[in-house]
Amino acid sequence: MTEDGIVNEELLTIGAFAARARLSAKALRLYDHLGLLAPAQVDEASGYRYYRADQVEPARLVALLRQLDMPLARIAEVVGAQGTAAADLLAAYWADVETRVAGQRTLAEYLRGRLSGRSSEMYDKFVVETVDVPARVVITETRHTLADELPAWISASLDRLLQAARECGGVAGEPFVVYHSEVSMESDGPAESCVPVADEAAARAWVEAHGRAGATRVRVEPAARLAYTRIAKAQVAHPQILAAFGAVEQWLAGEGLEMAGPCREVYFADWDAAGPGDPVCDVAFPVK
């Protein structure tokens with residue numbers, strides 16, 4: 001070993017490597033423990049760690065990525081990627097971060113309004129009406145899901161149910177999603193996607209033949225009066241949609257009405273063709 005910490009032409013002691021990487025030996029031991037940057041060699045007798053000079057840049061990259069609060073698994077993917085793939089992985093991660101922060105910002109604004117007593121101002125932006133809907137036969141799919149997985153599941157489940165309904169006499173009404181319990185990052189519902197069908201017998205036969213491990217079934221949705229407010233595509237995302245639910249709940253209290261069932265979202269427009277400001281969904285509560 002030479003005086004500057006070089007073991008041979010290729011390997012550096014952890015102290016020398018830490019100095020070159022501008023990191024602490026403690027950080028390097030942590031990266032090794034987390035599986036993010038393993039030493040090139042570990043002396044079996046002494047346990048000393050040795051690194052190659054070409055590991056300096058990966059070490060610095062790990063340190064910078066950790067400052068972005070990137071999960072360990074994604075850091076490992078970025079560090080191990082080749083060519084421009086690493087930059088693409090980082091871009092995808094940061095897009096997710098910005099989406100999450102935008103949602104948190106909206107939620108914070110909503111909560112500030114509630115905590116400061118300005119809820120009525122927010123809710124007054126929504127027009128609440130009532131509509132009577134008849135009893136309908138629906139084919140449904142139910143799942144326990146958290147908020148981050150909810151949009152993808154709604155899209156996929158409604159696509160499956162719409163296709164099933166077309167094979168069961170046709171779609172007989174607007175698809176909707178019922179929330180039997182809260183769906184958030186801590187509560188997983190369940191949520192139930194529903195599509196009205198024209199032929200109950202055909203729908204039951206379809207479920208018997210194709211039901212997804214008991215998650216798909218056919219039931220009769222009873223006739224109900226719904227109190228609802230219509231929202232645009234940009235308002236459907238969580239947490240923006242919370243204000244719409246709050247507006248309907250406040251309206252119910254003001255009208256002396258009680259909820260008669262779980263809340264729901266009714267989708268009446270072509271989601272893919274709609275723009276951010278186009279009405280696509282009714283946020284509704286059965287009332288009595």
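**Figure 1. The whole chain, its dimensions and its surface.** The radius of gyration is taken here over C-alpha atoms, and the rule for a globule is 2.2 Å times the number of residues to the power 0.38. A compact globule of 288 residues would have a radius of gyration near 19 Å, whereas the chain has 27 Å. The model is predicted: local features need pLDDT of at least 70 and side-chain atom pairs count only at pLDDT 80 or more, while totals for chains, interfaces and linings use all residues. Residues are numbered from 1 along each chain as its sequence is written, and side-chain values use heavy atoms, with hydrogens and water left out. Along the principal axes, the C-alpha atoms fill a box of roughly 85 × 55 × 35 Å. The chain contains nine helices and 11 strands; these are DSSP runs numbered from the N terminus, with helices (H or I) of at least four residues and strands (E) of at least two. The accessible surface, computed by the Shrake-Rupley method with a 1.4 Å probe, comes to about 16000 Å², and 52% of this belongs to carbon and sulfur atoms. Buried residues make up 40% of the 288; buried means under 20% relative accessible area, exposed means over 50%, and partly exposed lies in between (1.4 Å probe, protein chains only). A contact means heavy atoms within 4.5 Å. Among contacts between residues at least 6 apart in sequence, 65% join residues at least 24 apart.

**Figure 2. The aromatic pair of F17 and Y51.** Rings of Phe, Tyr and Trp (its six-membered ring) form a pair if their centres lie within 6.5 Å; planes under 30 degrees apart count as stacked, over 60 as edge-to-face and the rest as tilted. By this rule the chain has four aromatic pairs. In one of them, the ring centres of F17 and Y51 are 4.4 Å apart and the planes meet at 10°, so the pair is stacked. F17 belongs to helix α1 (residues 14-21) and Y51 to strand β3 (residues 49-52), so the pair ties together parts that are 34 residues apart in sequence. Both F17 and Y51 are buried.

**Figure 3. The aromatic pair of Y267 and W271.** Here the ring centres are 6.3 Å apart and the planes stand at 75°, so the pair is edge-to-face. Y267 is buried, at 11% relative accessibility. W271, at 37%, counts as partly exposed.

**Figure 4. The surroundings of P262.** This proline is found in the loop between α9 (241-255) and β10 (264-267). With a relative accessible area of 28%, P262 is partly exposed. Leaving aside residues up to four places away in sequence, P262 touches V178, Y179, H180 and P286. P262 and P286 are 24 residues apart in sequence, and their C-alpha atoms are 7.1 Å apart in space.

**Figure 5. The cis peptide bond at P190.** G189 and P190 are joined by a cis peptide bond, with omega of about 20°. P190 is located in the loop between β6 (176-179) and β7 (191-196).

**Figure 6. Positive phi at R22 and at D69.** R22 is not a glycine, yet its phi is positive, at about 60°. R22 sits in the loop between α1 and α2 (25-33) and is exposed, at 64% relative accessibility. D69, also a residue other than glycine, has a positive phi near 60°. D69 lies in the loop between α3 (56-67) and α4 (72-80), and at 63% relative accessibility it counts as exposed.
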